[in-house]
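Work through the exercises below with the structure in view. Each task is followed by a solution in steps.

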Amino acid sequence: MVDIHCHILPGIDDGAKNISDSIMMAKEAEKEGIHTIIATPHLNNQYDNRKDLILAKVNKLNTALKDAGVNVTILPGQEPRIYGDIIGDFEKNDIQTLNNSQYLFVEFPSNHVPRYAEKLLFDIQVKGLTPIIVHPERNSEIIERPEILYRFVEKGSLTQVTASSLSGYFGKKIKNFSMQIIEANLTHFIASDAHNINSRSFKMMEAYDLIDKEYGTDYVYLFSENAEMLITGKSIIKEIPEQIKKKKKFIFF
Ligand code: FE
């Protein structure tokens with residue numbers, strides 16, 4: 001299994017605090033059957049993690065994991081909070097795409113979607129990159145107005161739902177919305193967004209088990225295959241997106 005979203009690099013954001021935390025996280029991942037993790041540290045007002053630093057940290061962690069006998073490979077990535085000059089910074093080589101592919105994570109603030117997002121997601125694609133909107137199921141404006149997400153996906157953005165959202169860690173509302181997103185073909189990846197091994201762990205097996213039970217093996221295959229294809233920069237599988245339907249009202253006779 002490949003996990004494309006994880007805060008495993010030590011001491012640079014709110015994920016692993018030090019190298020022993022990172023090793024513990026990798027061991028936990030290994031137990032869940034994850035063999036490859038894309039390290040995606042935050043880039044936002046609080047954490048200034050740019051490409052050079054990320055690449056150096058990834059190399060160091062891979063050496064440490066080898067020394068510790070942990071069979072997990074770390075690849076470079078980044079989780080930039082959306083901002084006006086992301087393309088300018090990409091040109092300055094500060095932005096780290098997912099394993100140097102064309103796929104680029106984009107995070108929205110948790111309580112709204114900036115007005116300029118649509119234009120920026122378009123401009124990112126004009127640059128030859130494919131934006132992946134991370135955890136849309138946890139954005140309160142998208143929960144209220146899911147048609148925003150439909151529009152972004154229809155216009156070529158991809159999305160990633162967090163495993164622990166599906167397993168209910170963020171509450172029932174977010175769990176249900178995550179399932180609606182899957183049912184409407186509005187997501188393409190499931191990833192852990194793990195920060196530690198306690199409160200924010202991987203939960204990938206749990207999520208895939210749930211997907212298997214609810215939607216069948218085809219969906220498990222779709223999401224796991226997409227993560228595999230992403231790391232080699234191949235095109236991923238996309239189903240035709242649909243609008244999220246308003247909750248059906250049941251009429252009893
Ligand atoms: Fe994250």
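**Exercise 1. Cavity lining**

Which residues line the largest cavity, and how do they divide by class?

*Solution.* The model is predicted.
Step 1. The lining of the largest cavity consists of Ile182, Asn185, Thr187, His188, Tyr219, Leu222, Phe223, Ile237 and Glu239.
Step 2. Sorted by class, this lining has five nonpolar, three polar and one charged residues.
Step 3. Helix α10 (residues 217–231) contributes the most to the lining, with three residues.
Step 4. The space in the largest cavity is about 60 Å³. The count is one cavity of 30 Å³ or more.

**Exercise 2. The iron site**

Find the donors of the iron ion and state why their arrangement is irregular.

*Solution.* 
Step 1. The iron ion is coordinated by His5 through NE2, His7 through NE2, Glu79 through OE and Asp193 through OD, at 2.1 to 2.3 Å.
Step 2. Along the chain, these donors have the spacing H-x1-H-x71-E-x113-D.
Step 3. His5 belongs to strand β1 (residues 2–6) and Glu79 to strand β5 (residues 79–80), so the pair ties together parts that are 74 residues apart in sequence.
Step 4. For accessibility, both His5 and Glu79 are buried.
Step 5. Now take the angles. Four donors count as tetrahedral if all angles lie between 85 and 135 degrees. Here the four donor atoms subtend angles of 81 to 167 degrees, which makes the arrangement irregular. For reference, the ideal angle for four tetrahedral donors is 109.5 degrees.

**Exercise 3. Two aspartates**

Is Asp94 buried or exposed? Where is Asp209 found?

*Solution.* 
Step 1. Asp94 is found in the loop between α3 (86–91) and β6 (103–106).
Step 2. The relative accessible area of Asp94 is 19%. Buried means under 20%, so Asp94 is buried.
Step 3. Not counting residues up to four places away in sequence, Asp94 touches Arg50, Lys51, Gln78 and Asp89.
Step 4. Asp209 is found in helix α9 (residues 204–215).
Step 5. With a relative accessible area of 49%, Asp209 is partly exposed, because exposed means over 50%.

**Exercise 4. A distance**

How many residues apart are Asp209 and Tyr219 in sequence, and how far apart are they in space?

*Solution.* 
Step 1. In sequence, Asp209 and Tyr219 are 10 residues apart.
Step 2. In space, Asp209 and Tyr219 are 11 Å apart, C-alpha to C-alpha.

Technical notes: Residues are numbered from 1 along each chain as its sequence is written. This is a predicted model: local features need pLDDT of at least 70, side-chain atom pairs count only at pLDDT 80 or more; totals for chains, interfaces and linings use all residues. Side-chain values use heavy atoms; hydrogens and water are left out. Donors are N, O and S atoms within 2.8 Å of the metal (3.2 Å for Na, K and Ca); water is not among the atoms, so sites may look incomplete. Four donors count as tetrahedral if all angles lie between 85 and 135 degrees; four count as square planar and six as octahedral if opposite donors are over 155 degrees apart and all others between 65 and 115; anything else is irregular. Helices (H or I, at least four residues) and strands (E, at least two) are DSSP runs, numbered from the N terminus. Buried means under 20% relative accessible area, exposed over 50%, partly exposed in between (1.4 Å probe, protein chains only). On a 1 Å grid over the protein atoms alone, a cavity is a set of points where a 1.4 Å probe fits but cannot get out, and a pocket is an open set with protein on both sides within 12 Å along at least five of seven lines; lining residues have an atom within 4 Å of a point. Grid points are joined across faces, edges and corners, and a volume is the space filled by probe spheres set on the points. Ala, Val, Leu, Ile, Met, Phe, Trp, Tyr, Cys and Pro count as nonpolar, Asp, Glu, Lys and Arg as charged, and the others, Gly among them, as polar. Contact means heavy atoms within 4.5 Å.
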